[in-house]
Amino acid sequence: MPDNNEYAKAPKNYYVPASSAWPLVGAIALFIIAIGAATTVQMIGKEGSNTGIPILFVGIAILLFMLFSWFRNVISESMKGLYNEQLDRSFRMGMLWFIFSEVMFFVALFGVLFYLRNLSIPWLGGEGNNAMTHAVIWADFIPTWPLTITPDGRETQAMPWYGLPLVNTIILITSSVTLHFAHHNLIAKHRAKLVTWLAITVALGITFLFFQVEEYLHAYQELSLRFDSGVYGNTFYMLTGFHGMHVTLGVIMLTVMLLRVINGHFTPGKHFAFEAAAWYWHFVDVVWIILFLFVYIV
Amino acid sequence: MSDIKIKDNAEQMINSTSDLHHADPHQGAEHHGAPKGYKRWLFSTNHKDIGSLYLWFSLTMFFIGGAMAMIIRAELFQPGLQLVEPNFFNQMTTSHGLIMVFGAVMPAFVGLANWMLPLMIGAPDMALPRMNNWSFWILPFAFSLLLLSLFTEGGGPNFGWTFYPPLSTKYSPDSTAMFVFSVHLMGISSIMGAINVIVTILNMRAPGMTMMKMPMFVWTWLITAFLLIAVMPVLAGAVTMILTDKYFGTSFFDAAGGGDPVLFQHIFWFFGHPEVYIMILPSFGIISAIIPTFARKQLFGYHSMVYATASIAILSFTVWAHHMFTVGLPLAAELFFMYCTMLISVPTGVKIFNWVSTLWRGSITFEVPMLFSLAFIVLFTIGGFSGLMLAITPADFQYHDTYFVVAHFHYVLVTGAVFSIMAAAYYWLPKWTGYMFNERLGKWHFWCSLISVNILFFPMHFLGLAGMPRRIPDYALQFADINKIVSIGGFMFGLSQLLFVAVVIMAVRGGQKAPAKPWEGAEGLEWTVPSPAPYHTFDTPPEVK
């Protein structure tokens, strides 16, 4: 909780911002991204250059510019002391509910994994009242997990849990600890240590992403574990891929925090943005632990 | 420590009440009136303006989706193929469903929430006003993308609003990616809107406005927002897997690669069933506001209403497979989902009972909002009963995918959700515009709607029981007469809604001046501010006793 003194001079009225162009710019950016992404996807495997990709990048550029400008506004309003404790609570609640929505997204993806492993693959193998499904459609199918041979006979290899995935697990757990040290030093007003620990956290995050790419290359080239090699590969890429996107977002957030810390932002009692980034990072970490358990080990 | 903090806050609040007109130097923009010109609407951070934008958007979508329904009913007016190709017919049923659910009903409720929640809890605005505008402006773009896909080569989405694979993967048009990304945009908008609502309700209440003093509309929206945040991400996951299955060679929903098309239905309805309650819980809140006003009695059983709403929301996560009774679920699952579904009728019954008890011995008058609310209670209950019939697994084997299902969900969505939105619009129009609406024209709108909607949807029950399947452009001859009646009801209902537009436009332009509290039996903070509500209200929180 923030130190109450930090808000002693804060305005009593709730801050309702003046009209702003950024939300509309953001909506337009998302529209361009959607058009670009849809065009890109639709042109996959067709002749000619993919015209969707430049549209997609224009949209992403506008979105990033919009986010940068919007957050710059918010940061400068906050630094001017326009925000009070109640607004701080709004931000906190908003971030927590956003993380809850992210949790539900991963719940859906994990639900898919568990359904496939525990229900539909055994059913394809004839379990329950599905003996005829098995006998008539794919009599040679052997229900296993990891599913290295699909019912229609596509073969692949499973990704082991040791090696890169284990290294990445250690990296990500370590990064949660170093981030905690950074937070601790923010509260203790040790700015130099704070910068160091936060920089280490960002570096660990980037290392994780680097190894993740390495792992994908290994999977694609040596294990022939591809997007189209059945549901084992599908769930593997879907879960690690979306997790990786969230790590990327987390790294961006932490990098912004690092720059703000270097510029002398945040006080022991007023550093919501830092905490929000930290919550997000810990959330990403927890998802990885569950993912490591159920995608790699069990 | 925390006790002291609470005291400090309380002191601050009390002080701020006395500083009513001491404008803070930093907050210049806040105390001006509405900005002029296009900037007012494009760059808005005002909950009332954004609420109006949502409501006008919803009305527009209601007519676009309605026009599609007219095409559907025109084609079904007689057997055989007259007006449109079957593929186009499928695009119409799909787009009609998507537009009405995500473009008409949900934005209407968000618009009402934007307008009314801050007024009801004594807050100066929504908690996160800029994000509020973002979540609105995503919607016109999302639906432009969806509508645009109808004009692409190969046409728009034609697989039903539930987009079951393999219809939406192997057999879907090229433009499916546009559908997927437009749904993503709608989801982003909904999640941001819901976060805003939930934070506003939890953090922005005036001092003294405890949770158990909140109007039912606020309670129902709090729970609805929770449902939205919980299930919209699941929908995002579902459309993403459809996208990868269609374009990237994955086999989540393809048994040849180890997947299962039934898995999609589980994911979709895990989203879809709470979604159904997202579209009806705010209605319950509206009805719970209007019935006491015109019965001139307090709402009967406020606490039980709150608990019933929460129970419905929790149960909504345990009933999804009642949409899938015929796909070959294990027997234990069929029984579990049947009993859970029937259990929902208990808290829903509590609500109906409470409304009827509120009416009991009230001094009832029949203004337009009350007429729509009373119609809601009766007709929504009919939809609830047909829902109970559908919940019985063995019976559902006959009803599944017939017009009986169409009749059921149109009773709960049109005479339920849409009627409550109409009721809300009439109830709060004087507060929004400052003018009383034309009561006579409003009554014409009500009676025309009431009669035509029953001609439209009631005979569909018989069509379904007789075995007419849904989502078909042509049908067997024995269904001809009833389909003709249904279509006539449909055209009448469509035309009747033009009366609503007339009433709204007339009330916006002028009329008899509305007092701060135009309905004598009304209660709540929204009636303590003048009509029309000033551009900024409750800059300083009111005291609630």
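**Close-up views of a predicted two-chain model**

**Figure 1. Packing of helices H5 and H6 in chain A.** In this predicted model, helix H5 (residues 164-187) of chain A packs against helix H6 (residues 191-221) of chain A at an angle of about 160°, and their axes are 8 Å apart. Because the angle is over 145 degrees, H5(A) is roughly antiparallel to H6(A). The crossing in which H5(A) passes H6(A) is left-handed. Sorted by class, the residues of the contact of H5(A) with H6(A) comprise 16 nonpolar, 9 polar and 3 charged.

**Figure 2. The contact between chain A and chain B.** Chain A contributes 59 residues to the contact, and chain B contributes 67 residues. On the side of chain A that touches chain B, helix H1 (22-42), helix H3 (85-124) and helix H7 (231-262) of chain A each supply at least two residues. H3(A) gives the largest share of that side, with 20 residues. The side of chain A that touches chain B is made up of 37 nonpolar, 16 polar and 6 charged residues. For the model, the scores are ipTM 0.95 and pTM 0.94.

**Figure 3. The two assigned domains of chain A.** The domain assignment divides chain A into domain 1 (1-83) and domain 2 (84-297). Between the C-alpha centres of domain 1 of chain A and domain 2 of chain A there are 24 Å. Where the two meet, 11 residues of domain 1 of chain A are in contact with 9 residues of domain 2 of chain A. The side of domain 1 of chain A that touches domain 2 of chain A holds 7 nonpolar residues, 1 polar residue and 3 charged residues.

**Figure 4. Secondary structure and extent of chain A.** Chain A has 8 helices and 0 strands. Read from the N terminus on, its elements follow the order α-α-α-α-α-α-α-α. Taken along the principal axes, the box filled by the C-alpha atoms of chain A is roughly 75 × 45 × 35 Å.

**Figure 5. Residues 1-30 of chain B.** Over residues 1-30 of chain B, pLDDT stays under 50. For residues 1-30 of chain B the model has 25 contacts beyond four places in sequence. Where pLDDT is low, predicted coordinates should not be read in detail. The average pLDDT of chain B is 93, and 94% of the residues of chain B score at least 70.

Methods. Residues are numbered from 1 along each chain as its sequence is written. Chains are lettered from A and ligands numbered from 1 in the order in which they are written. This is a predicted model: local features need pLDDT of at least 70, side-chain atom pairs count only at pLDDT 80 or more; totals for chains, interfaces and linings use all residues. Two residues are in contact if their C-beta atoms, placed from the backbone, lie within 7 Å. Helices (H or I, at least four residues) and strands (E, at least two) are DSSP runs, numbered from the N terminus. Ala, Val, Leu, Ile, Met, Phe, Trp, Tyr, Cys and Pro count as nonpolar, Asp, Glu, Lys and Arg as charged, and the others, Gly among them, as polar. pLDDT is the predictor's confidence in each residue, from 0 to 100. Axes are lines fitted to C-alpha atoms, for helices over the stretch in contact, and angles run from 0 to 180 degrees between N-to-C directions. Angles under 35 degrees count as roughly parallel, over 145 as roughly antiparallel, 65 to 115 as roughly perpendicular and the rest as oblique. A crossing is left-handed if the near helix is turned anticlockwise from the far one by less than a right angle, and right-handed if clockwise. Domain bounds come from an automatic or database domain assignment.
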